[in-house]
Amino acid sequence: MLVLPYDTADRDAYEAAHAELLRRADRLVAVRNGEPPSGRGGGAADTDLAARAAVISVDVV
């Protein structure tokens, strides 16, 4: 288990969690609606795009 150093589950915490997830992943299963990123960062669409950019296999359901 990994606990990141954030006191609240804010946008920065989500972005850090997704970055750590991708650092450890060799495949991503993304549950998302297919909409483009909202521009706020840290969402499923952002993680999906970051995984693809890092050449990590992505399955969207």
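A residue is called buried when its relative accessible area is under 20%, exposed when that area is over 50%, and partly exposed in between, with a 1.4 Å probe and protein chains only. By that rule Val-31, at a relative accessible area of 65%, is exposed.

This is a predicted model, in which local features need pLDDT of at least 70, side-chain atom pairs count only at pLDDT 80 or more, and totals for chains, interfaces and linings use all residues. Residues are numbered from 1 along each chain as its sequence is written, and side-chain values use heavy atoms, with hydrogens and water left out.

**Stop 1: helix 1**

Please select residues 11-24, which make up helix 1. Helices (H or I, at least four residues) and strands (E, at least two) are DSSP runs, numbered from the N terminus. The expected span of a helix is 1.5 Å times one less than its number of residues. For the 14 residues of helix 1 this gives 20 Å, and the end C-alpha atoms are 20 Å apart, which agrees.

Next, colour Ala-13, Glu-20 and Leu-22, the buried residues of helix 1. Strand 1 and helix 2 are among the elements that cover them, where contact means heavy atoms within 4.5 Å. Ala-17 is also in helix 1, but it is partly exposed, with a relative accessible area of 32%. A distance drawn from Ala-17 to Arg-52, C-alpha to C-alpha, is 17 Å, for a pair 35 residues apart in sequence.

Show the side chains of Glu-20, Arg-23 and Arg-24 as well: a network of salt bridges links them. A salt bridge is a side-chain nitrogen of Lys or Arg within 4 Å of a carboxyl oxygen of Asp or Glu. By this rule the count comes to five salt bridges.

**Stop 2: from strand 1 to strand 2**

Select Arg-27 and Asp-59, whose side chains meet in a salt bridge with N and O 2.8 Å apart. This pair links distant parts of the chain, since Arg-27 belongs to strand 1 and Asp-59 to strand 2 (residues 57-60), 32 residues apart. Both partners are partly exposed: Arg-27 has a relative accessible area of 48%, and Asp-59 has 30%.

**Stop 3: Arg-32 and its surroundings**

Move to Arg-32, in the loop between strand 1 and helix 2. Which side chain does Arg-32 meet in a salt bridge? The partner is Asp-48, at 2.6 Å from N to O. Asp-48 lies in helix 2, so the pair ties together parts that are 16 residues apart in sequence. The side chain of Arg-32 also reaches the backbone oxygen of Glu-35 at 2.4 Å. This is a polar contact (a pair of N or O atoms within 3.5 Å; within protein, one must be able to donate a hydrogen and the other to accept it, and residues adjacent in sequence count only if both atoms are side-chain atoms). Not counting residues up to four places away in sequence, Arg-32 touches Ala-44, Ala-45, Asp-48, Val-60 and Val-61.

**Stop 4: helix 2**

Is Asp-48 buried or exposed? At 1% relative accessibility, Asp-48 counts as buried. Asp-48 forms a further salt bridge with Arg-52, the closest N and O atoms being 2.4 Å apart. These two residues are four places apart in helix 2 and are therefore separated by about one helical turn. An α-helix has 3.6 residues a turn, so residues three or four places apart point the same way. Arg-52 itself is partly exposed, at 43% relative accessible area.

Ala-51, also in helix 2, is buried, with a relative accessible area of 0%. Leaving aside residues up to four places away in sequence, Ala-51 touches Leu-22, Leu-28, Ile-56 and Val-58. Ala-51 and Ala-19 are 9.2 Å apart in space, C-alpha to C-alpha, although 32 residues apart in sequence.

**Stop 5**

Select Val-55, in the loop between helix 2 and strand 2. Val-55 has a positive phi of about 60° although it is not a glycine. At 74% relative accessibility, Val-55 is exposed.

**Stop 6: a nonpolar surface patch**

Finish by showing the surface of Val-29, Val-31 and Val-61, which form a nonpolar patch with about 310 Å² of accessible area together. Patches are made of residues with over 30% relative accessible area and no salt bridge; like charges are joined within 9 Å, and nonpolar side chains (Val, Leu, Ile, Met, Phe, Trp, Tyr) within 5 Å. Accessible areas come from the Shrake-Rupley method with a 1.4 Å probe; for residues, only the protein chains shown count as cover.
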